[in-house]
Amino acid sequence: MQLTTGFWAFKTLAAAHELDLFSRLADTDGTTSAELAETLAIEERPAEMLLTGCAALGLLAKVGGRYRNSPLAEEFLVRGRPYYFGGWVEMLDRRLYPGWGRLTEAIRSNRPTTWDPERQQSLFDGEDPELLAVFWEAMHSLSTFTARVLGQAVDLSEARRLLDVGGGSGAFDIELCRRYPGLTATVYELPKVADIAAQKIKEAGLQDRVDTVSGDFFADAPLPEGYDTILLSMILHDWSEELGRAILQKCWAALPSGGRVIISELLVDDERTGPPPAALMSLNMLIETAGGRNYTPAEYGSWLGDLGFRDVSTVWFEAAGANGAVIGTKP
């Protein structure tokens, strides 16, 4: 029953978010089903059901007969809050939920279902600008939490210059530089995404320590040099083994002797039996990419070893977007 009804909980959350329930309740004394019905111009029956469902999921608490945001919802689901997670909810609801509804089709065809490879070069080409903005907001919130845990699990105290290849909105660089005062970082991204990162960096007040460089890690060669650490976070799972090895080859060429590459991902275990978040994210790559999947530490270790990286190790942790990092050092 838990497996078959798993989507019930998600759609309850997604509907409440779409109706802006949590932002409406922020910093108030709460609501009743009758009041919510009037506010949303709906019948009281569905209003009561929605409030009950959200309370059952721990998203709302009932105090003195009134429903209020739980601490979880107040911190993560209210628009404008520093760690607002609603972009991730919206992206899953609008983009991935329909794509997962066609999972059997993706399995049979070995093709993504969220975009058409015959019409687009990648999942971002021709995408609705509004939905693309939602995607990057989602990635920023997801990456913020993951970067914080990565910074605790992997010691970067000796690192001085970090190149974040495919660094998205710069969330990793912002969080890692906050944790390590001696670190500076560069987000290497496509021009439009680099602009998003620059704005996020400005909002964080870290322009003096984090910058952006526009580029394409496939079309442009080589990667920028002068960095002792290269980060690939939630990047390699987007691509086939052939393309993943090509990205790592460019990392090898850009790093000096003693430089490290850090691959942060949801890692599938070497036995390919789990864990569930990594295994299911791998299926997500089936509906989202033309050749990507989630790989094992042994696979990444083999790729790094073939390039000449040494002292390859895996550090395990638990975070929203990753469960470990595979690290290699260039001799």
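In this predicted model, the largest nonpolar core has 40 residues, and within this core Met91, Met139 and Leu156 are the residues with the most contacts. Two or more residues of this core are given by each of several elements, among them the helices α6 (86–100), α7 (103–109) and α8 (129–153), and the strands β4 (184–189) and β9 (324–329). The largest share, nine residues, comes from α8. When neighbours within four places in sequence are left aside, Met139 is in contact with Trp88 and Met91.

A second, separate core of 25 residues includes Ile230, Ile247, Ala254 and Tyr295.

| Core | Size | Residues named |
|---|---|---|
| Largest nonpolar core | 40 residues | Met91, Met139 and Leu156, those with the most contacts inside it |
| Second, separate core | 25 residues | Ile230, Ile247, Ala254 and Tyr295 included |

Helix α11 (residues 241–254) has 14 residues and reaches 20 Å from its first C-alpha to its last, which is close to the 20 Å expected at 1.5 Å a residue. Its buried residues are Gly244, Ile247, Leu248, Lys250, Cys251 and Ala254. Because these residues cover an arc of only 155 degrees around the axis, they lie on the same side of α11. An α-helix has 3.6 residues a turn, so residues three or four places apart point the same way. The buried residues of α11 are covered by elements including β6 (229–233), β7 (260–265) and α13 (297–307).

Notes:
Residues numbered from 1 in each chain as written. Predicted model: local features only at pLDDT ≥ 70, side-chain atom pairs only at ≥ 80, totals over all residues. Heavy atoms only, no water. Helix = DSSP H or I, 4+ residues; strand = E, 2+ residues; numbered from the N terminus. Expected span 1.5 Å × (residues − 1). Buried < 20%, exposed > 50% of the residue type's maximum accessible area, 1.4 Å probe, protein only. Arc of directions from axis to C-beta. Contact = heavy atoms within 4.5 Å. Core = buried A, V, L, I, M, F, W, Y, C linked by side-chain atoms within 4.5 Å.
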